[in-house]
Each structure stands twice: as C-alpha cells, then as structure tokens.
Amino acid sequence: MFSKASNFVNGVDTAFLIITGISVFFLIVLTGLMIYFVIKYNKSKGKPAVQVKDNMILEITWITVPMIIVLYMFYIGWEGYLPMRRVPKDAMEVSAIGSMWKFQFEYPGEKLSDTLVVPINKAVKVNLKSKDVLHGFSVPAFRIKEDMVPQKDNYSWFTAGELGNYDIFCTVYCGLNHSYMLSVIRVVSQSDYDKWIAALPVKKADTSLGLKVLEKNGCIACHSLDGSKVVGPSFKGLAGSVRAVVTNGAKRQINADEAYIKNSIENPDADVVDGFSSGLMKSYTKMISAEEITQINDYLKSLK
Ligand SMILES: [Cu+2]
C-alpha cells in the first residue's frame, strides 16, 4: 500500500492517514449535527432545545473518549518517529555538509560528492553538519527531515528500499539563494555503489586564496562553482572559455581571459553573458583589490 522508498514511509504515512481520517470523521459528524440542530430547533418551528446539566455519564464520555483519541494520535506519531532516532549499529556513515547554498556529502576516506549515492537495502546514517547558518535536510520521499545546525552535531538515517533518484531540499530559509539549495539521493545496487565510490576522487581541501575572496564578497551566492545556473553564470569552466556576451546591446564572442574577468568584476554590465540579465550586479572595484583579482583568476583557472 505504501511506497517502499524508505523504511520510514510506513510509520509516517500510517500516522498521517489515521490522523487525517479521524479529523475528517469529526468534520463530517460535527458539521452534520450542527446543520441538523439548526434545522430541528429552528425558532420558527417553536421547539425549544432541552438544557442538559450535571449529566455524569455524558461528562465522563466527553472527557475520556477525546482523551483516548488524542493519546492514540500521539502514540502512532511517536511510533513513527522513534525509529528515526535509533540508528542501527551496522549503518554506513556519510556526512552531509550544508553551506550557503549547497549540499556536499563526505564519504569515508575524505571523498566528496555533490549527490548522495547510497546502496539499496542498506542502513545509511547521515551526519548533518552546517558550515555557516541553519539548513534543513529533507527527503520527502523518505519522510525524513532534520535540521543542520552550525556547531552542533545532528543526524538522520534511512534504509532505501527502491532504486531511483529522490530530491533533497533545504527546508530552512538560509539566505538569498535558499531555493537553489537542492540535491539528489541516488539509490543504486550494492555493486553500482562499490564502483561509484571506488571512482570518486579523494578531495583536496581547497584553501586557495581566490576562493576565500569569492566567499568573502558573496560572489558564490550568484555564481555557482559546480556549473549550476543561479542568478549569474557559473564559475566552472569559465576561465579560458569563449563566451557569447551582449555588449552595448550587440551580441559578440569574447575570450574569458584575465582582462575579461577583471572587467566583469569592475564593470559587470559591460559584457553580460547571453541569457543573463544586466543590472543585477554592482561594481566590485572598491571591494576587491587588484591583488585579489589575480587570486580570483588563479582560482578560476583551477576550476575545470
Ligand atoms: Cu540551506
């Protein structure tokens, strides 16, 4: 009846359905009774309603019955939630790192990935971390959602039961490009996973000065490092490429050399990449020094 995407679907959907069912039941019964009484005791019919007072049986009933229903709703919610905080001992571990505005996944052996690839039918513990502000780790198809809190370790876990791709959303408003903070869980077979993880390169901690300048000035809020299109064109593959730009209203090709990058920082509207809007970026002449522009250029060349 329920999707087998993860081991939590059953518990969450059961609670959801039962609570919705109870609510709909009372909506219909109460509304129906209300309409019935409005008609039955309509003043024009001259039939006065009887006042009920000190009726012990009635009072006990309307205290205990709703209490049992409410406690039952709590119980099924609790039953669905508790397993989410109890990670099996044999779970494999991956760290999810949230930052403005992307997810990264760190696998054992210092391997980094932009997507979360997991084997089917295997418990996966996801250690949730944030580099900057509050982010959310939400996988609707798996019925999991946890906060990623800076300076605090949090976690989530799941066992995926069906092959496929599932969306990951950041569910905490974390700044300008929060809505671009997306990723994907790819559920694959154990053998595909083994191949994938073996081919995943070991990360090199990126300590380049150019990246620090870009982060300090908020550039990567609008220019992604991984090729995804945000407000402005991505930095990936930019250095040395040939760009179609619009200069003074006319399209032309331009070589993205150091001079072009410097000019784009200082006069953003001079050569706007075709397909993007002008007037969105201010000049960074006062914020970024000539030395820093060189550092940015060095960094961009390393972004292949
Ligand atoms: Cu976020």
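Which residues touch the most other members of the largest nonpolar core?

1. The model is a predicted one, and its largest nonpolar core holds 28 residues, of which Ala96, Phe142, Phe158 and Ile185 touch the most other members. The largest share, three residues, comes from E5. In soluble globular proteins, nonpolar side chains tend to be buried together.

2. Once residues up to four places away in sequence are left out, Ile185 touches Leu116, Val118, Val139, Tyr166 and Ile168. Apart from the core described above there is a second, separate one of 13 residues, and among its members are Leu211, Phe235, Ala239 and Ile265.

3. Leaving aside neighbours within four places in sequence, the contacts of Arg143 are with Ser6, Phe8, Val9 and Val12. The C-alpha atoms of Arg143 and Asn10 are 9.3 Å apart in space, although 133 residues separate the two in sequence.

4. The strands E11, E12 and E13 make up an open sheet in the order E12-E11-E13, paired in the antiparallel sense. E12 and E13 are the edge strands, each pairing on one side only. Six bridges hold the antiparallel pair of strand E11 (residues 242–247) and strand E12 (residues 250–255), and within this pair Arg243 stands opposite Ile254 of E12. The two strands form a hairpin with two residues between them, and Asn248 in the turn has a positive phi of about 50°.

5. On the E13 side of the sheet, E11 is joined by two bridges to strand E13 (residues 272–273), and the two run antiparallel. Val245 has Val273 in E13 as its bridge partner. In a regular strand the side chains alternate between the two faces of the sheet.

6. For the chain as a whole, the secondary structure comes to six helices and 13 strands. The assignment divides the protein chain into domain 1 (9–85), domain 2 (92–199) and domain 3 (209–302), and the centres of domain 1 and domain 3, taken over C-alpha atoms, are 61 Å apart.

7. Along the principal axes, the C-alpha atoms fill a box of roughly 90 × 55 × 35 Å. Of the 304 residues, 20% count as buried. Among the contacts with a separation of 6 or more, 64% are between residues 24 or more positions apart.

Definitions and conventions. Residues are numbered from 1 along each chain as its sequence is written. This is a predicted model: local features need pLDDT of at least 70, side-chain atom pairs count only at pLDDT 80 or more; totals for chains, interfaces and linings use all residues. A nonpolar core is a set of buried Ala, Val, Leu, Ile, Met, Phe, Trp, Tyr and Cys residues joined through C-beta atoms within 7 Å. A residue is buried if 20 or more other C-beta atoms lie within 10 Å of its own, exposed if 12 or fewer, and partly exposed in between; C-beta atoms are placed from the backbone. Helices (H or I, at least four residues) and strands (E, at least two) are DSSP runs, numbered from the N terminus. Two residues are in contact if their C-beta atoms, placed from the backbone, lie within 7 Å. Two strands pair if DSSP finds at least two bridges between them. Domain bounds come from an automatic or database domain assignment.
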